[in-house]
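Q: Could we go through this model together, beginning with the terms and then moving on to the strands and helices?

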Amino acid sequence: MAIDSDYIQQMSTQLANYEVQAALAKANRNEANYKAQLSAVSSLDSALKSFSSAVKSMKGVGSSMLINSATFSQEGVATATVGTTAIAGNYQFFVEQLATRHQVSLAGLTAADLGSGSLNIGQDGQSFNIDLSQSSTLEELSAAINGAADNTGVKATLVRSNGEVSLVLSSEKTGAANAISLSATGATAGLDAALTAKQELSKAQDAKVRLGGESGMLLTNASNTFENVIDGVSLTFNKVHQAGEQALSIDIGQDKTATKEKAQTFATALNTLMSSFDTLTASGGEEGGRGVLAGDSSIRAIETMLNQVVRKQYGGVSLTEFGISADRNGKLVIDSARFEKAVAANPEGFEKLFTGKDNLLESIDKNLAVYTSSANGLMKARKDSLNNQLRRVDEQFESIQQQYDSYYNRYLKQYTSMMQTMSAMEQTYGLF
């Protein structure tokens with residue numbers, strides 16, 4: 001009788017699999033369960049962080065829920081930045097003069113004109129010196145000016161025309177105070193001549209604007225941007241009016257559409273989070289399967305927290321007073337008519353409801369941090385725990401493999417011995 005090695009291996013495999021099948025099935029179930037939970041918790045963490053990011057963007061520095069806007073009677077004359085404190089009204093502006101940067105040219109210079117000595121450049125009560133002996137070319141002089149550590153705000157460049165080079169100096173800032181002054185000590189005759197004959201390419205001047213029309217109150221500024229020229233309103237002027245021309249009329253008022261869109265952004269962000277909760281905690285039935293986190297206590301705690309926060313009063317008012325209410329599923333709905341009427345009647349209350357210390361957005365942000373913190377948030381802790389469980393399952397798989405190998409080798413040895421014994425007995429039987 002020949003020993004059938006394939007049969008021995010097949011039987012050893014079957015018996016070894018039988019020995020570990022219960023442990024392997026349990027490990028597979030655990031792995032599938034932990035992976036499903038990890039995927040669900042990761043989705044929950046992502047949804048919470050997306051909502052948190054939306055809240056942070058709405059409560060950031062300079063952000064506002066109440067949107068005011070400016071409407072201009074003429075295009076291209078000015079632009080505006082309108083804050084929440086702006087008072088509705090109409091204003092007339094006549095632009096006499098725009099602020100400009102000072103720019104001067106020193107023509108006909110050559111490298112031989114540099115020599116030694118120093119070039120003094122002054123601006124707005126300050127000055128800095130350039131050692132001419134350190135520059136052997138006009139390019140080096142230009143670079144020395146631009147690279148001076150105590151440069152007050154002057155940029156140098158070279159302009160070439162028909163073989164002649166001019167050194168052009170420009171103020172970085174607009175306004176009369178930033179006019180550039182030039183003088184030299186121990187300079188060559190060529191440089192002195194260029195300084196004496198310097199050409200003013202652009203005059204340093206302040207912006208001049210009249211509030212109330214061509215003969216109204218004069219407003220001056222070193223920049224064309226008049227910060228807070230009216231409470232809550234900054235204007236940047238871009239074009240000069242001609243004598244007798246109609247003044248620019250600016251209407252400041254609440255932008256109802258943009259304000260509602262901002263409120264809708266908040267509502268949509270919260271509703272998106274709630275929809276994620278619904279998917280993850282679905283109870284299952286004819287319409288769909290059971291959610292991996294059905295009955296999860298963390299989600300119930302978050303939902304409870306959010307419901308409490310959005311129903312609370314801030315600054316003496318609540319969302320419902322502005323037509324924003326939660327339906328039976330916890331999702332926010334905005335009643336447009338009530339919203340517009342309430343915001344028009346109490347714009348400051350609407351702004352304070354959302355923004356400011358310990359108000360709605362900050363309260364949500366603080367409460368969410370308990371779950372979303374990358375350092376010690378509850379979602380991180382849960383993911384870490386599940387990953388640890390998966391590592392333990394991997395260790396179980398390794399242990400099961402070792403057990404399988406041990407069983408396989410034992411059965412392989414036993415079957416081989418048995419087959420050898422049977423073969424020997426068959427040979428002995430044949431002798432008779």
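A: Helices (H or I, at least four residues) and strands (E, at least two) are DSSP runs, numbered from the N terminus. Two strands pair if DSSP finds at least two bridges between them.

Q: And what kind of model is this, and how are residues numbered?
A: This is a predicted model, in which local features need pLDDT of at least 70 and side-chain atom pairs count only at pLDDT 80 or more, while totals for chains, interfaces and linings use all residues. Residues are numbered from 1 along each chain as its sequence is written, and side-chain values use heavy atoms, with hydrogens and water left out.

Q: Which residue takes a positive phi in the hairpin of strand 13 and strand 14?
A: G232 does, with phi near 80 degrees, and that hairpin has two residues between the strands. Strand 13 (residues 225-230) and strand 14 (residues 233-237) are antiparallel and share three bridges. Within this pair, T225 lies opposite T236 of strand 14.

Q: How many bridges join strand 11 to strand 12?
A: Five bridges connect strand 11 (residues 207-211) with strand 12 (residues 217-221), and the two run antiparallel. A207 faces N221 in strand 12, and K208 is opposite T220 in strand 12. Their hairpin has five residues between the strands, and G212 there takes a positive phi near 105 degrees.

Q: What sheet do those two belong to, and in what order do its strands come?
A: The sheet is open and has five strands in the order 1-15-3-11-12, with antiparallel pairing. Strand 1 (68-72) and strand 12 are at the edges with a single partner strand each, so one side of each has no neighbour in the sheet. From one strand to the next the twist averages 30 degrees.

Q: Changing topic, where is N120, and what does it contact?
A: N120 is in strand 5 (residues 118-123). Apart from neighbours within four places in sequence, N120 is in contact (heavy atoms within 4.5 Å) with S127, F128, N129, S181, L182 and S183.

Q: With which side chain does the N120 side chain make a polar contact?
A: With that of N129, at 2.9 Å. A polar contact is a pair of N or O atoms within 3.5 Å; within protein, one must be able to donate a hydrogen and the other to accept it, and residues adjacent in sequence count only if both atoms are side-chain atoms.

Q: On to the helices: at what angle do helix 5 and helix 8 pack?
A: Helix 5 (residues 297-311) and helix 8 (residues 360-372) pack at about 170 degrees, and their axes are 10 Å apart. Helix 5 is therefore roughly antiparallel to helix 8, a label for angles over 145 degrees. Axes are lines fitted to C-alpha atoms, for helices over the stretch in contact, and angles run from 0 to 180 degrees between N-to-C directions.

Q: Which residues of helix 5 meet helix 8?
A: S298, A301, I302, M305, L306, V309 and V310 in helix 5 meet residues of helix 8 including L360, I364 and Y371.

Q: What about helix 4 and helix 5?
A: Helix 4 (residues 256-280) packs with helix 5 at about 155 degrees, with the axes 11 Å apart. The crossing of helix 4 and helix 5 is left-handed.

Conventions: Parallel < 35°, antiparallel > 145°, perpendicular 65-115°, else oblique. Left-handed = near helix turned anticlockwise from the far one by under 90°.
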